[in-house]
Amino acid sequence: MSITENLIKIKNDIPEGVKLVAVSKTKPIEDILAVYNAGHRLFGENKAQELSSKHPQLPDDIQWHFIGHLQTNKVKYIIPFVSLIHSIDRIKLLREVNKQAAKVNRVVDCLLQFHIATEETKFGLNMEEAVELLSSEEYIKMENIRICGIMGMATNTKDVSIISKEFRYLREIKKDLKEKYFQGSKHFIDISMGMSGDYKIAIEEGSTIVRIGSAIFGAR
Ligand SMILES: *Cc1c(COP(=O)(O)O)cnc(C)c1O
């Protein structure tokens with residue numbers, strides 16, 4: 001199937017109200033344009049340098065989400081244009097996002113990334129670290145970031161019950177944080193979970209944003 005056919009098939013699988021991030025990491029400009037020309041406007045990249053070099057080569061009305069591990073010294077390259085950062089996993093990173101966003105007069109939307117998988121290799125906060133971050137004086141004073149929800153990646157396994165359990169846990173975390181820190185907030189609404197291999201499970205468990213790469217663009 002072509003990239004465009006893949007896109008259409010996936011869009012048909014996704015209910016209204018769930019956003020699709022087309023993850024274009026490692027893929028060339030012409031592949032991204034194929035998806036763009038099929039009407040899609042939301043793309044995700046996981047490396048700051050790759051994103052900042054692709055951004056000027058592509059149409060201005062693309063919304064770019066940053067989904068990968070972000071080094072503090074790379075934040076400045078993406079802040080002028082990024083529309084959502086999915087991967088806030090430490091206060092030091094949030095501090096730098098806030099600082100760079102202030103320089104360009106923006107309020108940048110962010111998600112807190114949680115570690116929900118059994119693999120150690122995946123990044124993310126645990127509940128204790130999130131509580132520490134959200135109750136810190138420093139966070140409360142940040143004016144150029146806005147926390148819009150949370151993100152997580154499930155264990156890479158074929159065992160559906162493990163994946164479901166991890167996504168359900170992420171939904172519990174969101175509910176908990178909403179009650180404790182974001183009561184009355186109109187912005188704390190998103191759960192970014194689900195990739196090519198597990199997006200259907202993620203949607204069943206309440207995902208609002210799925211991040212899909214290989215099922216659209218082909219294997220990397
Ligand atoms: C690469 C990547 C994806 C997409 O993965 P696929 O399996 O190709 O759909 C989603 N989320 C993150 C954080 C990624 O790095």
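**Figure 1. The lining of the second largest pocket divides into four nonpolar, four polar and five charged residues.** Ala, Val, Leu, Ile, Met, Phe, Trp, Tyr, Cys and Pro count as nonpolar; Asp, Glu, Lys and Arg count as charged; the others, Gly among them, count as polar. This is a predicted model, in which local features need pLDDT of at least 70 and side-chain atom pairs count only at pLDDT 80 or more, while totals for chains, interfaces and linings use all residues. Residues are numbered from 1 along each chain as its sequence is written, and side-chain values use heavy atoms, with hydrogens and water left out. The volume of the second largest pocket is about 160 Å³. Of its 13 lining residues, Lys19, Leu84, Asp109, Cys148 and Asp190 are the closest to the centre. Strand E3 (63-66) and strand E6 (145-152) each contribute at least two residues to this lining. Strands (E, at least two residues) and helices (H or I, at least four) are DSSP runs, numbered from the N terminus. A pocket is an open set of points on a 1 Å grid over the protein atoms alone, where a 1.4 Å probe fits, with protein on both sides within 12 Å along at least five of seven lines; lining residues have an atom within 4 Å of a point. Grid points are joined across faces, edges and corners, and the volume is the space filled by probe spheres set on them.

**Figure 2. The largest pocket has a volume of about 590 Å³.** Its lining holds 29 residues. Nearest the pocket centre lie Lys25, Lys122, Met153, Met195 and Arg211. By class, the lining has eleven nonpolar, twelve polar and six charged residues.

**Figure 3. Ser196, Arg211 and Arg220 are among the residues around the ligand.** A side-chain N or O atom of serine 196 is 2.5 Å from a ligand oxygen. For arginine 220, a side-chain N or O atom is 2.7 Å from an oxygen atom of the ligand. Arginine 211 places a polar side-chain atom 2.9 Å from a ligand nitrogen.

**Figure 4. Glutamate 45 lies in strand E2.** Glutamate 45 counts as buried because its relative accessibility is 0% (buried means under 20% relative accessible area, exposed over 50%, partly exposed in between, with a 1.4 Å probe and protein chains only). Its side chain makes a polar contact with the side chain of serine 24, at 2.7 Å. A polar contact is a pair of N or O atoms within 3.5 Å; within protein, one must be able to donate a hydrogen and the other to accept it, and residues adjacent in sequence count only if both atoms are side-chain atoms. Glutamate 45 and isoleucine 67 are 22 residues apart in sequence, yet 6.0 Å apart C-alpha to C-alpha. Beyond four places in sequence, glutamate 45 touches residues including Lys25, Thr26, Ile32, Lys54, Trp64 and Gly68. Contact here means heavy atoms within 4.5 Å.

**Figure 5. Phenylalanine 43 is found in strand E2 (residues 42-45).** With a relative accessible area of 0%, phenylalanine 43 is buried. Leaving aside neighbours within four places in sequence, its contacts include Val21, Ile32, Val35, Tyr36, Ile62, Trp64 and Phe217. Its C-alpha atom is 12 Å from that of lysine 27, 16 residues away along the chain.

**Figure 6. Serine 207 is found in the loop between helix H9 (199-204) and E8.** Serine 207 counts as buried, at 4% relative accessibility. A polar atom of its side chain lies 2.8 Å from the backbone oxygen of methionine 193. Serine 207 touches Val18, Ile191, Met193 and Ala202, not counting residues up to four places away in sequence. Its C-alpha atom and that of glutamine 57, 150 residues apart along the chain, are separated by 31 Å.

**Figure 7. Threonine 26 and asparagine 105 each have a positive phi.** Neither heading residue is a glycine: phi is about 70° for threonine 26 and about 55° for asparagine 105. Threonine 26 sits in the loop between strand E1 (19-23) and helix H2 (29-37), and is exposed at 55% relative accessibility. Asparagine 105 occupies the loop between H5 and strand E5 (108-114). Its relative accessible area is 73%, so asparagine 105 is exposed.

Key. A residue is near a molecule or strand if one of its heavy atoms lies within 4 Å of it.
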